[in-house]
Amino acid sequence: MAQDESQHASQQLPTYKLQQASLEPTCSKACPDSDKETQHQSSNPVQHVVQWRPSRFNAQAQVDDDGLVLYNSYSGAIASFSAEERKRVLSWLHPGEADMEPDHEIYKELREHGFLVSADTDELRRAQFLHQSMHQLDAMHLVLLVTEACNFRCNYCYEYFPRGNMRSEVIKGLMAYIEQRAKTLNVLNISWHGGEPLLAPRVIEQLSESFIEVCDKYDVVYHAEISTNGYYLTRELFEQLLDLHIDRYMITLDGPAEVHNARRGLFGGGDTYERIVSNLLSLKQVDRPFEINIRVNFDNSNLEAVHSFIPELRDLFGDDERFAVYFRPVGCMGGENDLTLPVCDARTKDKEIWALNEEAIQAGLPVSSFIKDILLPTGAICYAAKPNSMVVGSDGRLYKCSVAFEQENNQLGRIHEDGTLDVDMDKLALWTTSGEETDANCQACFFRPSCQGNHCPLYRMRTGNRPCSYEKRQIKQVLRTIWLQSVACESAEQ
Ligand code: SF4
Ligand code: SF4
């Protein structure tokens, strides 16, 4: 399973949570820092008048009912306001007018969720501190290439499939490594990748059982997700994977049968659409919680077909809220077909992602939670930029990025059978320090707490440009999408 940079970035779980993004204006969770300020104000026996100002990490969008959606990238809060509330809220968020009604309920909410901060708050230092928290040692994320082979040959893939299933000494090494590290971990996140990971289900089983046992022993929270092409995902295998705590899936359908098959055929030839869809439909019978994100990759050659595919997807999966859609543009990522790929230009990509999301919501299909996750503090950072994250190849090689396997500075070292690692620390530092530390624009960006200049370190290395995510570039559209989804959910519940 291979496609663009944001696929990788959006699959990780955040390691530093201040609060979950929410569309509730009266959300009960509050920004801890803002709480402290409020408590300080009320418990101090000496009258202390706190001046408030809008956070530099706010973004906003006006929505169809003339209401307002607000987002703060440091607290992760998302809040919506009615048309009547909008004028008042906007006046408070106008610099210089933010201390007008400190006792108003909404004003208090804005403070609690970090949209307003006390005038003496050093927000840049807070962002720096958040960045340093990426070095915390109690959370780990491993991307495991259980096989580097694949049964598909998608026309836009950048992988070369040089190696097969994970070697037994690598499996032993991973088990030993996690056994040693678990004593000091609070969270372990595993992403099962390939090639096509379901070509090696026994490797997944063997490693999962070991990780789960060790995590239980040391009281470590364990999460697992998988990117699969879905061809071998029968109901029986799916239930086994759920037993192994793999409950978040990314599976690609690139349009109706004919269009999908022309882009995502079997190695050696053969269609794949019917089998994937039949597998997915059988999963609807499984009465357990899970999340299946149906990824739809688009470029100039299938864009029209993807628009007309939305009603078909709705008919197939719209009755089961565990299925959601995720639209992403195809990118040139170093594959052998890069020169001939009909990729959309940047403007079309930015426009079409959100147009497709909106059409899906209007048709009654939920959009993927990846979109909301990316707005969380640290949520837009690629795992390649996280010090405690590593990609492990099937032969035991260690990488930071899961795209540039052949790039010399991405080959960090290897894992040994006894669980010890050889890691080139200079290369590690290269991937983890190329963002906001060195980029003044990133330091001043409203999206800095989410991205930290590290949405895709590979893109920065290759182009010298800032790797802003689609979500940051079109933040108003993103907030509108989240609002539309929440309105659709509310009317479905009524
Ligand atoms: S650094 Fe590599 S893995 Fe991360 S987003 Fe960029 S291409 Fe993907
Ligand atoms: S890369 Fe772009 S979105 Fe990320 S912090 Fe820098 S300017 Fe902001």
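Start by selecting strands E8 and E9 (residues 221-227), which run parallel and are joined by six bridges. The model on screen is a predicted one. Within this pair, colour Val-187 and Val-221: Val-221 is the bridge partner of Val-187 in E9.

Now select E6, which pairs with E8 in the parallel sense over seven bridges. Ala-139 stands opposite Val-187 of E8 here.

**The ten-stranded sheet**

Ten strands form an open sheet with mixed pairing, in the order E13-E12-E10-E9-E8-E6-E14-E15-E16-E17. Which strands stand at the edges? They are E13 (323-329) and E17 (421-423); each has a single partner strand, so one side of each is left without a neighbour in the sheet. On average, neighbouring strands of this sheet are turned by 25 degrees against each other, direction ignored.

For an antiparallel stretch, select E14 (residues 389-392) and E15 (residues 397-399), which are joined by two bridges. Val-391 stands opposite Tyr-399 in E15. Strands of a sheet pair through backbone hydrogen bonds, either parallel or antiparallel.

Then go to the E13 end and show helix H12 (residues 346-363). H12 lies across E12 (291-298) and E13, and runs at about 165 degrees to E13.

**The nonpolar core**

Hide the cartoon and show side chains. The largest nonpolar core has 119 residues, and those touching the most other members are Leu-144, Val-146, Leu-174, Trp-192, Ile-294, Val-325 and Val-392. Which strand gives the most to this core? It is E6 (residues 139-145), with six residues. The core draws at least three residues from each of domain 1 (11-121) and domain 2 (122-494). In soluble globular proteins, nonpolar side chains tend to be buried together.

Centre the view on Val-325. What does Val-325 touch? Leaving out residues up to four places away in sequence, the list is Ile-294, Val-296, Leu-313, Ala-360, Leu-365, Val-367 and Ser-368.

**The three-stranded sheet**

Move to the other sheet of this tour. Three strands form an open antiparallel sheet in the order E2-E3-E4. Its edge strands, E2 (58-62) and E4 (78-81), each pair on one side only. Neighbouring strands are turned by 20 degrees against each other on average, direction ignored.

Select E3 (residues 68-72) with E4 to see four bridges in the antiparallel sense. Here Tyr-71 stands opposite Ile-78 in E4. Finish this stop with helix H19 (residues 475-493), which lies across E2, E3 and E4 and runs at about 65 degrees to E2.

**The whole chain**

Of the 494 residues, 46% count as buried. Among contacts with a separation of 6 or more, 74% are between residues 24 or more positions apart.

Conventions: Residues numbered from 1 in each chain as written. Chains lettered and ligands numbered in written order. Predicted model: local features only at pLDDT ≥ 70, side-chain atom pairs only at ≥ 80, totals over all residues. Core = buried A, V, L, I, M, F, W, Y, C linked by C-beta atoms within 7 Å. Buried ≥ 20, exposed ≤ 12 C-beta atoms within 10 Å, placed from the backbone. Domains from an automatic or database assignment. Contact = placed C-beta atoms within 7 Å. Pairing = 2+ DSSP bridges. Axes fitted to C-alpha atoms, helices over the stretch in contact; angles between N-to-C directions.
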